[in-house]
Amino acid sequence: MSAPHVIVIGAGSTGAATAHDLALRGYRVTVLERGEIANQTTGRNHCLLHSGGRYCVKDQESAIECIDENLILRRIMPDALELNDGLFVALTEEDLAFKEKFIAGCEECHIPFREIPVKRALELEPFLNPKLLAAVQVPDGVFEPWRFCLAFLATAKKNGAVVRTFTEVTDLIRSGSSITGVKVVDHRTGKTEVIGADIVVNATGPWAGEIARMGGVDVPVAPTAGVMVTVNRRLNNMVINRMNKPSDGDIVVPQRTTSIIGTTSWTILDPDQIDIPPDHIQMMIAKGKELIPAIEHTVTRGVGAAARPLIRKANADEREISRTFECFDHKYDGVEGFVTISGGKTTTARAMAEKVTDIVGQKLGISVECRTKETPLLSYRYFYN
Amino acid sequence: MAIEVPVRMFRYKAGGEPRFETYRVTVPDDANVIDVIEMVWRQDTTLMYRHACHHASCGTCAVRINGYEKLPCIVPVKEALRGRSEITIEPLRNFPLVGDLVVDVAGFFQKQIASGLVITRPAEATLDGARYQPVEVFNESGGLEARPYNRFENCIECGICISACPTMAATDKFFGPAGLAGIHRALQTTDDAQKKSLLLALADGEHGVWRCHSAWECTEACPQNVRPAEAIMALRRELIIHKVKTLFGMGARR
Amino acid sequence: MTTQSEVAAPSRPRRIWQWADVRRRNLGMYAYVLNRITGIGLVIYLYLHLAVLSTLTRGPSAWDSFIAIAKSPAFLTLDVILLVGMLIHGLNGIRITLNGFGVAVGAQKALFIGLMALAAVCTAVGAFLIFTK
Amino acid sequence: MQKTLDVEARATRGLGNLAWVVQAVTGIALLALLGLHFIAHHFVVEGGLRNFQQVQEYIGNPLILTLEVLFLMVVTPHALLGVRAILFDLQLSEATEKWIDRALWIIGIATVLYGFWLTWAIVTYPAG
């Protein structure tokens, strides 16, 4: 009997990493993506390979996931990352007061860190606000979201996975109490078809609720949008974070020839209808200037916004919602053959994939060890080979 | 402030007839053309277009705006409307057409694989453009090691140079501006003699640098200032020197 | 909501003469197309020229009567056109060769403009000589 | 990657990698030869063009003869390589391209031989 067939809906970082893990464990995998790889949430994220520093005080569960995955990704995709670390800088007495908590948090979450003298920090990052009071170095990094996903998918394809972009899932096929496949429309031809599967994995992030509803179950995602403003010059090499609890415009991520200021956060209803509030862009630039005054002399190159797939918790402010992920086996909602993975971050995509693939294994009574921690990924270019 | 924009959009589905459809969308006046495309998609979700980062790093969204190869994520709508009443959006040329604004980039990336271009490079110091001295950064085991900062290469592999190149218009065999620029970069960044000679052999092929007609369109169109034409000229120079040396038995034969 | 529909040219298969499509292109492209067109013209001329020369083998009468026609203003105008073609192709050839040897790569546009200016001057002088001799 | 490179490298090797250099070298040579040729025939003699007599005397000069023959031997490959480049931009099949290469060789050799015969015929034409 041939290996079970698993359909992964969504080719963002979660879907890509999941396809890789499934294929590596010998499943027959088909990835269905309605658009281009990483065209939404993943594509328009921070590009930040989290050290966990951002969450080490308020959300230590996420922080620990981040640092663990950070160090793993450095091993499995070494040449596809900008690895120049990050600086958490204190600009005000309030920030300075936060330092103790921050350092304690790093220690509790075993995030490598070292405080560096203000003078040295300014040598390393000449455009940094000269008024800074303290700087702590942590192993932040920068990735390229689209290529990040391609690396996972290229490796998955090598292991037999089929990746279909511009193929939109319009319905889930249900027989009795279980999902047995999906109905798709191929936008290349406009033709619809049905694809059977032993298990369907819903990795659609902010759309997870929408897809889950097709299967008659509810997933408590709370899509919250964030805006990124990219300026036309690379003003820093290290990721510059405000040493305080996460807030709007408190981070400047360098990438390629640019610097990216992030981010805001507002709850949205439909992740397909994100209209950026005009004031957010101005606010990003204003906040960014506090960290790097030279942003004054740059030109805005691009502006993007996409929805984060946060897991809703009873009446919590979206900044307070944990950035960790949840895996829902919908058999507890009375639906078999259907799993949803949501929440989390691109940095933790591999861990999310491991978790959901384990659950797929349990459901099918197959137990194969996860090997993604030590399996180097192919270059993203091989996705097209 | 919002503006209404008429968009003449190239539409094509496999088996159908290529055609232009005109849509009217409303976007903020500081929007970029990618936002216009997205608004068209909101009207008709069967529209296929590639996009991811919206800040000119992924290179997926390249199209022709009013006939010019551009990255819509960094072209302001105002600029695209300058001197005209509507924006025309078409897919890149010189690639197989998949549908609507989407072209098949597989062949292009296969050449990129061969080019040997490494996607990260040492970062320049932000102030004077000089290379950073090695600095202490954390490594994958959480310890500190000394090495220069790195960053992603300038080339985002968007395919714009391929669409702008008159030689690519004539033949897929041509290795192409991006690929040759990649070879040039790879030669600068490797010390491996065997790899170097393989890269030179690749550039020296009938369909390598010699196939270029020196129209300089790649350099004109490149949104990342990679200057592929200059790279091609540099490779020609290197190869000619190599040939002359070989002719007089001064250089090792490849 | 679609307001209007029209037929578009498919972006494949490519048109055979796409190499000559200079719309929305730049100086380098013009130079390349100009070089190619003059090149084609010169090749055609070369073979016409060789064919015409065969009259020499038919002795003085044949040739001298041809020369008589060749000295007519109309014919001399053709000579001037030939001269223009040779100058454009030859001088631009210098540019392409220099660039190909990695020389003046940054100045390809200036080089083209300069050389074409030179071509214009030489044409003027040449035309003067052709018509006054 | 290295393997791909290796394959690609062999795949793209060919005579073509000399065409451009030959084109450049002959091109530069032509600047001189064609210049001389054009000046000699248009601007030197009184009245612009030579009559049969003058042509015979002109060609009779061994230096001129060498220059003219050399000119033909340089201009022919330059012209035909140009034609080749243009034809190869017309999306032809490998087979057709091979065929074109052979045809151009033949045309080239024929052209030069024709030139030899022509000069010989002129020089040896009984002076009248």
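Is D85(A) buried or exposed? Keep that question in mind while you open the model, which is a predicted one.

**Stop 1: D85(A)**

D85(A) is buried, with a relative accessible area of 1%. You will find D85(A) in the loop that runs between β4 and β5 (86-90) of chain A. Its backbone deserves a look too: D85(A) is not a glycine, yet its phi is positive, at about 65°. For background, most residues other than glycine have a negative phi, and most peptide bonds are trans.

**Stop 2: a cis peptide bond**

Stay in chain A and select G262(A) together with T263(A). The peptide bond from G262(A) to T263(A) is cis, and its omega is near -20°. T263(A) belongs to the loop between β17 and β18 (266-267) of chain A.

**Stop 3: helix α1 of chain A**

Next, select residues 13-24 of chain A. This is helix α1, with 12 residues. From its first C-alpha to its last, α1(A) reaches 16 Å, close to the 16 Å expected at 1.5 Å a residue.

How many of the residues of α1(A) are buried? The count is 12 of the 12, so α1(A) is largely enclosed by the rest of the structure. Colour them to see this for yourself; among them are S13(A), H20(A), D21(A) and L24(A). Now show what lies over the helix. The cover on the buried residues of α1(A) includes the strands β1 (5-9), β2 (28-32), β13 (199-202) and β21 (338-343) of chain A. Helices α5 and α8 (349-364) of chain A are also part of that cover.

**Stop 4: where chain A meets chain B**

Zoom out and show the chains together. Which chains share the most contacts? Of the 5 pairs of chains in contact, the answer is chains A and B. Chain A brings 66 residues to this contact, and chain B brings 58 residues. About 5,200 Å² is buried between chain A and chain B, and carbon and sulfur atoms give 54% of that area. On the chain A side, select R256(A), R301(A) and R381(A): these lose the most area to chain B, together 16% of what that side buries.

Now turn to the charged and polar links. There are 5 salt bridges between chain A and chain B. One to pick out is E157(B) with R147(A), whose closest N and O atoms are 2.8 Å apart. Polar contacts between chain A and chain B come to 34 residue pairs, counting those with both residues at pLDDT 80 or more.

Several elements of chain A each supply at least two residues to the side that touches chain B, including α2 (60-76), α5 (145-158) and β17 (258-262). The largest share, 4 residues, comes from β19(A).

**Stop 5: over to chain C**

Show chain A and chain C. No contact joins chain A and chain C, and their closest C-alpha atoms lie 15 Å apart. Finish by selecting R24(C), in the loop between β1 (2-7) and α1 (27-53) of chain C. R24(C) is another residue that is not a glycine and has a positive phi, here about 55°. With 39% relative accessibility, R24(C) counts as partly exposed, whereas D85(A), where the tour began, is buried.

How values were computed. Residues are numbered from 1 along each chain as its sequence is written. Chains are lettered from A and ligands numbered from 1 in the order in which they are written. This is a predicted model: local features need pLDDT of at least 70, side-chain atom pairs count only at pLDDT 80 or more; totals for chains, interfaces and linings use all residues. Side-chain values use heavy atoms; hydrogens and water are left out. Contact means heavy atoms within 4.5 Å. Buried area is the accessible area (1.4 Å probe) that two parts lose on being put together, summed over both. A salt bridge is a side-chain nitrogen of Lys or Arg within 4 Å of a carboxyl oxygen of Asp or Glu. A polar contact is a pair of N or O atoms within 3.5 Å; within protein, one must be able to donate a hydrogen and the other to accept it, and residues adjacent in sequence count only if both atoms are side-chain atoms. Buried means under 20% relative accessible area, exposed over 50%, partly exposed in between (1.4 Å probe, protein chains only). The expected span of a helix is 1.5 Å times one less than its number of residues.
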